[in-house]
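Hello,

Here is the structure I promised to pass on to you. Have a look at it, and then read my notes below.

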Amino acid sequence: MSTRKYISRLAIGGICTAVALAASACGAGAPASTSGTAGTNTVNVLVEAGGHAELTGVAEQCKKDAGVDVNFVELPYDGMFNRLSSEFSSGNVSFDVAALDSVWLPSFKDALQPIDEIFTDEAKKDIFPALVKEANVDGHFIGLPAWTNAEIILYRKDLFEDAKNKADFQAKYGYELAAPTTWKQYQDISEFFTKDGMYGTDVKGGVETEWLAHVLQAGSPMVLDGDKVVIDNAAHKEALDFYVSLTKSAPSGAAQVDWAAAQNLFNQGQTAMTRFWAHAYRQIPKDSPVAGKVGTAPMIAGSAGIGGVPGPWYLTVPKATKNTEAAKKFVQCAYDHNSLGVESSLGLASRISAFEKYQDKEGYESFGPLIETLNGEATATRPATEKWQQIVDTVLVPMLQKAVAGGDSATLLADAKKQIEDLLK
């Protein structure tokens, strides 16, 4: 399962909900509604279920503020790309606003209207720099980030604060046990807690994002530098070697561990630390053995500093809509009331001020580390290529699985470079 599909399902639980304000359709086979009539104040918004949850409060507020009614057309993640491709190609769209996964922007950029007027100087200061950069395609802003995410560190606070653990760690490694900030500290702590049936961390060989975050931390663009394939450079190898080194402190079978498996390991108390998407902190089950015992910290830093891979979704307005004015009003409402997403089941936002509004409140301890990670000097979004998901599925994940199973990193990276170059021809 791809990273993007899993995060969508993780966030929403696959549930299609109806709200009083909006008529929803569940499933790829749901009947298409028609794009709003020109000049009307009703907009059809195409979303996957997580987006529906995030935007429900915005839709209610937009009705009050701007008189805009919202119909949500809800599809599962697997069905959205094909639906979008079909309608954008035909030029006859059934929606006025579409929430797009960030990796889809390069594929659909020519079908989207500029929304430059929303990106005022003030707005750009309140959106994380990597997202401002990604939203600007060919000199125009074509998507407003509605919510975003990134991996941070979740760790067993009770284990880290235990007096014996602190003394034993100090004696063995020569420094105080605390949430790790560097690769070396993460390695040491992972090694220390791998004992008595517990593991220090997990290694997710079944997904690529975490390794790519370490590539950024090592000081390289991930996989592509412009049109050049750089996956075989020193930073990629350094990051891969670091990633593989953690397998000795992780459960066996790392090649098959994905987000779901890693989350289960941590929530069941089998790992002392995990690098995981920040929203998962608030989704730890109350009956979990680690509930109430988890601390949070920013993503670790390599030589280039803290770096993470954001997971944003963008609100976009198709060129083919007949209802541009109302559609842009809704997108503006989504910016103005971005903090309402924090109260949703997904519990995310995209504006810095929205996260800051909640970061000091009980239960939102993940927000401070998330802000720091998203503002990290090495943080960057995925390469802007239409082939990105194909590169992930056919090259990066298989390569990573071979690496954590004991393959030679230099050989694997060289092979991956050739495969990616062939894909991009």
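**Rings and a sheet**

There are 23 aromatic pairs in the structure, where rings of Phe, Tyr and Trp (its six-membered ring) pair if their centres lie within 6.5 Å, and planes under 30 degrees apart count as stacked, over 60 as edge-to-face and the rest as tilted. One of them is edge-to-face, because the rings of phenylalanine 355 and phenylalanine 367 have planes at 85° and centres 4.9 Å apart. Phenylalanine 355 sits in helix H14 (residues 352-358) and phenylalanine 367 in helix H15 (residues 367-374), twelve residues apart; helices (H or I, at least four residues) and strands (E, at least two) are DSSP runs, numbered from the N terminus. Ring pairs also join Tyr77, Phe81, Phe88, Phe95, Trp104, Phe108, Trp147 and Trp313 into a cluster.

Please keep in mind that this is a predicted model, in which local features need pLDDT of at least 70 and side-chain atom pairs 80 or more, while totals for chains, interfaces and linings use all residues. Residues are numbered from 1 along each chain as its sequence is written, and side-chain values use heavy atoms, without hydrogens and water.

Now to the sheet: five strands form an open sheet in the order S2-S1-S3-S14-S6, with mixed pairing; two strands pair if DSSP finds at least two bridges between them. Its edge strands, S2 (69-74) and S6 (144-147), each pair on one side only. Strand S1 (residues 42-47) runs parallel to S2 over six bridges, and asparagine 44 stands opposite asparagine 71 in S2.

Best wishes
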